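Here is a short tour for anyone meeting this structure for the first time. Have the sequence and the model open as you read.

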Amino acid sequence: TEGGKLTFDGVTVRAIPSDSAVSYYQPFIMATGNATMDAQNSTFTNLGWDWNASYGVSWVEGSTGTVTDSTFSSNFIGAYTSRATGMTFRDSIFRDNSLYGLDPHTYISSLTIDHVTADGNHAHGIIFSDHVTNSSITNSTSRDNGENGIMMDEYSTSNRITGNTVTGNTGDGLVTATSGTNTFTSNTVS
C-alpha cells in the first residue's frame with residue numbers, strides 16, 4: 001500500500017514457491033509513502049526476494065506500524081524497515097529467513113523491539129544498520145543464527161540493548177561496527 005492502511009489480524013500470508021527458473025521472484029508485502037501497516041496474531045512465510053525493499057514484509061518511506069504475536073519465517077528477510085517511524089515489534093518470532101531475521105535499516109528512530117525471538121536465520125538474527133538511533137531491543141532472544149546474534153552497524157547509535165539472551169550464533173553475540181554510544185546492560189551471551 002502507498003499511503004494507505006493495511007491490517008493483518010489472525011491470518012497466514014504464504015507464497016507458494018515456483019518450480020520455474022525465475023522462482024527467486026517471490027511475492028512480498030510493503031507499506032510505503034507514509035502508510036500504516038499493523039499485524040497481530042499472523043504468520044508471513046515464503047515471501048520476498050533480494051531487490052529494492054521487496055525482501056518479505058517491509059515498512060519504508062515514512063511508514064509506521066505495530067507488530068504483535070506474529071511469525072515471520074522462510075522469507076528472504078523476515079521483516080525490514082527503512083526510513084520508517086515509530087515502529088513496534090513485540091512478542092513475535094523471526095525464524096529461518098534466508099538473510100536476516102529482523103532488519104531495521106536506514107534512518108529510523110524510536111523503534112521498540114520487545115520480547116521477540118530471532119532464531120535459525122542464515123545471517124544476523126537482529127541487525128540495526130545505517131543510522132538506526134534512539135531505539136531499544138529488550139527482553140528478546142537471538143539464537144542459532146548463521147552470523148551474529150544482535151548487531152549495531154553503520155552509525156546506529158544511542159540505542160539500548162537490555163535484558164536479552166544471545167546464544168549459539170555462528171558469529172558473535174553482541175556486535176557494534178562503527179556504531180558508538182549504544183548501551184548494553186543485563187544481557188546473557190554464550
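Phe-44 counts as buried, at 1% relative accessibility (buried means under 20% relative accessible area, exposed over 50%, partly exposed in between, with a 1.4 Å probe and protein chains only). Phe-8 is buried too, at 13%. Keep in mind that this is a predicted model, where local features need pLDDT of at least 70, side-chain atom pairs count only at pLDDT 80 or more, and totals for chains, interfaces and linings use all residues. Residues are numbered from 1 along each chain as its sequence is written, and side-chain values use heavy atoms, with hydrogens and water left out.

A search of the whole structure turns up 9 aromatic pairs. Rings of Phe, Tyr and Trp (its six-membered ring) pair if their centres lie within 6.5 Å; planes under 30 degrees apart are stacked, over 60 edge-to-face, and the rest tilted. Phe-8 and Phe-44 have ring centres 5.2 Å apart and planes at 85 degrees, so they meet edge-to-face. This pair links distant parts of the chain, 36 residues apart: Phe-8 sits in strand S1 (residues 5-9) and Phe-44 in strand S5 (residues 43-45). Strands here are DSSP runs (E, at least two residues), numbered from the N terminus. Both rings also belong to one aromatic cluster, together with Trp-59, Phe-72, Phe-89 and Phe-94.

## Tyr-25 meets Trp-49

Tyr-25 and Trp-49 make an edge-to-face pair as well, at 4.7 Å centre to centre and 70 degrees between the planes. Tyr-25 lies in the loop between S2 (12-14) and S3 (29-31), and Trp-49 in the loop between S5 and S6 (56-60), so the pair ties together parts 24 residues apart in sequence. Tyr-25 is partly exposed, at 44%, while Trp-49 is buried, at 17%.

## Ser-70 in its loop

Ser-70 is found in the loop between strand S7 (66-68) and strand S8 (71-73), and with 1% relative accessible area it is buried. Leaving aside neighbours within four places in sequence, Ser-70 is in contact (heavy atoms within 4.5 Å) with residues including Ala-39, Ser-42, Asp-91 and Ile-93.

## The sheet

Now for the strands: 7 of them form an open, parallel sheet in the order S3-S6-S9-S12-S16-S20-S23 (two strands pair if DSSP finds at least two bridges between them). S3 and S23 (174-177) stand at the edges with a single partner strand each, so one side of each has no neighbour in the sheet.

Inside the sheet, 4 bridges join S9 (residues 77-82) to S12 (residues 102-105). Ser-82 stands opposite His-105 in S12.
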